[in-house]
Amino acid sequence: MAVAEATAETQAAVSERRAWTPTQMAWRRFRRHKMAMFGACLLILIVLYVIGGSLVYSEKYANRNDLSITLSPPSREHPFGTDGTGRDILARTIYGGQISIIIGVCAVIVSVIVGVLVGSIAGYYGGPIDAVLMRFTEAMFNIPQLFLLILLSKLLSGKVPTFKLLGRSFSGSVIVIIVVIGLTSWMYLARIVRATYLSLKEQEFVTAARCIGTPNSFIIFRHILPNSMASVIVSGTLGVAAAILNEAYVSFLGVGVQAPTATWGNMLDQAYHHLESEPWMWIFPGLFILLTVLSINFLGDGLRDALDPKTRI
Amino acid sequence: MARYIIRRLLQAIPLLLIISVVLFVLMNAMGDPLASFGGRRRIRSSDRERLTRQLGLDKPIAVQYAVWLIGNDWMDIDLDDDGVPDTKGTRLGILRGDWGQSFMEKRPVSEIIAERLPNTLMLMLTTEVVILVFSLFIGIYSAIRQYSLFDHVFTGLSFIGYSMPIFWLALIMMFVFAVYFKKWGLPYFPTVGMYDLAVGKTIPQVVWHMVLPVTTMSIMSIAGYSRFIRANMLEVIGQDYIRTARSKGLPERVILLGHALKNASLPLVTIVGMDLPILLGGAVVTESIFAWPGMGRLFWNAAQDTDIPVLMGVLTLISIAVVMFQIITDITYTFLDPRIRYD
């Protein structure tokens, strides 16, 4: 009995002294990061709001025009008031939020795919391929993003028809905006990924892999890519925040997602005309953008400190 | 050094060519420039054909690009569609300083840009100065008082600052400082335009109209800049030579401003060098909200009308500025930090 206890104790002691895996260390650093935890909680609340809210209000209700109650101020029935065609703003912030967040996440997926592909191919193969790809990256980098966004969204607007998914219909402009934001924000990531490849491709483990005849694609994606995962995750997270803001900018200018599909951005595109008399029309959607972007930025900042302790801003 | 500069300038040429090709292809895929040509009236199809020919829009895109780049005064064009090229081209191409004619305003792009550029520069340079003054102060102060109340408050504020859509901040500024100040009988700020038409374009008027847009844009950028300066200052303050400076008894002010700030501002040069050329493009969103007649609004209006020559003009100007400023930044670096050698 005593022996068994002693063994259990030693085991406990051993497991306590056990080395932390990098993931565990990152998770510990992340948990201690107050702002990151705050950001994570806030983000969870917002996601609960946009998902839970859709159980209370139907999408039909969010898109229903009721011309008898246009521009009514916040009341018990419509806590956030109604807009120019009598739609309930509370319900629209719920559905708009879903679309805004979906756009943010999908745009980042697009930009990560493009950025990682361009960066790894350029970095791994080097030579003329690298030169061409990097010149192109640099050219894209030199054009201010908002200008490119406006041009591309105008170019592609109306090219994708309204589509149905899971019984809901979405304006085709959602796809356009996802692609456009994704295609204008991959350049930074491509550079980071390329730098990882440049520094790693001459190392022994890559040479060893080559010697035993590992195919290039396997070396690129399985051996080297995981080493730049930290920066991909961090810049991807911060990218979601930037994408939500960019969606808001193009939608605010009226070339973004088209009605009746709501986003936090296009709820604001008429805001200017209601600045003085109907402030509830622009305060609430803007507040949601602010809170979401803020929480994602906190989260990304914490992730950077946790995963990538060397780089700091 | 001279060789380095020449090499960089030579490298810039293909880069600018690539940028212009990318832009040109994008623009021409953007839509029908003739759609808003006649204003509200619909243009007749015969007119449309004639205009398409006159503007050279019937040519393949490679030819259109060549005309934009090097002009068409060396070839004859067929204006009346009889199959015989009979009229001499008049375009000189951007390489010889001909920026083309605006489709909408029917006057040279260079003239339109020359009108708008001073307005934008006035607005943006003022903003940049405000940003630098405030963010240097906030950044340095929060670095030397790290984890103090001041530091925490401004760290929080700066996160809020760069998480906010700028147009939303602009709306709030207008709501408080124009709508509510007016309501409360306080002196309120104008929200649109550059000057009051009744008073005319006087200096006090323009300054008065600049207050809100400058404040809005500054708040956004001070957030990022001050964080950046704080991080750099913190890094430098931890260095050995700062300890050396302290131990030989230099006054704290000399240490901070003479030793620390000088080194901490090196990365700042990069950021300013990246931001300055973008300022030329103005701020599309801010300028449209405050109806400021600058480059950003010019671009936005031209984008709505698919006025390709104007769009190309604005973007070419910005691209040249971006590329040139990168070179200037790198050269400035060698002067500020003699350890850096490019040769």
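Author: In chain A, confidence is lowest in helix α1 (residues 2-17) of chain A, with a mean of 54, and highest in helix α5 (residues 89-125) of chain A, at 92; the score is pLDDT, the predictor's confidence in each residue, from 0 to 100. Helices (H or I, at least four residues) and strands (E, at least two) are DSSP runs numbered from the N terminus. This is a predicted model, in which local features need pLDDT of at least 70 and side-chain atom pairs count only at pLDDT 80 or more, whereas totals for chains, interfaces and linings use all residues. Residues are numbered from 1 along each chain as its sequence is written, while chains are lettered from A and ligands numbered from 1 in the order in which they are written.

Chain A averages a pLDDT of 83, and 92% of its residues score at least 70. For chain B the mean is 82, with 91% of the residues at 70 or more. The complex receives an ipTM of 0.83 and a pTM of 0.86 from the predictor.

The C-alpha trace of chain B spans about 90 × 65 × 35 Å along its principal axes. Of its 343 residues, 32% are buried, meaning that 20 or more other C-beta atoms lie within 10 Å of the residue's own (12 or fewer: exposed; in between: partly exposed; C-beta atoms placed from the backbone).

Where do helix α4 and helix α12 of chain B stand relative to each other? Helix α4 (residues 109-144) of chain B and helix α12 (residues 295-305) of chain B pack at an angle of about 135°, and their axes are 8 Å apart. Here the axes are lines fitted to C-alpha atoms, for helices over the stretch in contact, and angles run from 0 to 180 degrees between N-to-C directions. The two helices are therefore oblique to each other, since under 35 degrees counts as roughly parallel, over 145 as roughly antiparallel, 65 to 115 as roughly perpendicular and the rest as oblique.

On the α4(B) side, B:I112, B:R116, B:L117 and B:T120 meet B:M295, B:G296 and B:L298 of α12(B); a contact requires C-beta atoms, placed from the backbone, within 7 Å. These residues divide into four nonpolar, two polar and one charged (nonpolar: Ala, Val, Leu, Ile, Met, Phe, Trp, Tyr, Cys and Pro; charged: Asp, Glu, Lys and Arg; polar: the others, Gly among them).

In helix α10 (residues 266-280) of chain B, B:P277, B:I278, B:L279 and B:L280 are buried, and their cover includes α4, α12 and α13 of chain B.

Helix α12 of chain B also takes part in the contact between the chains. That contact takes 37 residues from chain B and 34 residues from chain A. Among the helices of chain B that each supply at least two residues to it are α12 and α13 (308-336), but the largest share, seven residues, comes from α1(B). The side of chain B that touches chain A holds 32 nonpolar, four polar and one charged residue.

Finally, the largest nonpolar core has 147 residues, and A:I150 and B:F299 are among those with the most contacts inside it; such a core is a set of buried Ala, Val, Leu, Ile, Met, Phe, Trp, Tyr and Cys residues joined through C-beta atoms within 7 Å. Leaving aside its neighbours within four places in sequence, A:I150 is in contact with A:V250, A:L253, A:V255 and B:A303.

Methods
Two residues are in contact if their C-beta atoms, placed from the backbone, lie within 7 Å.
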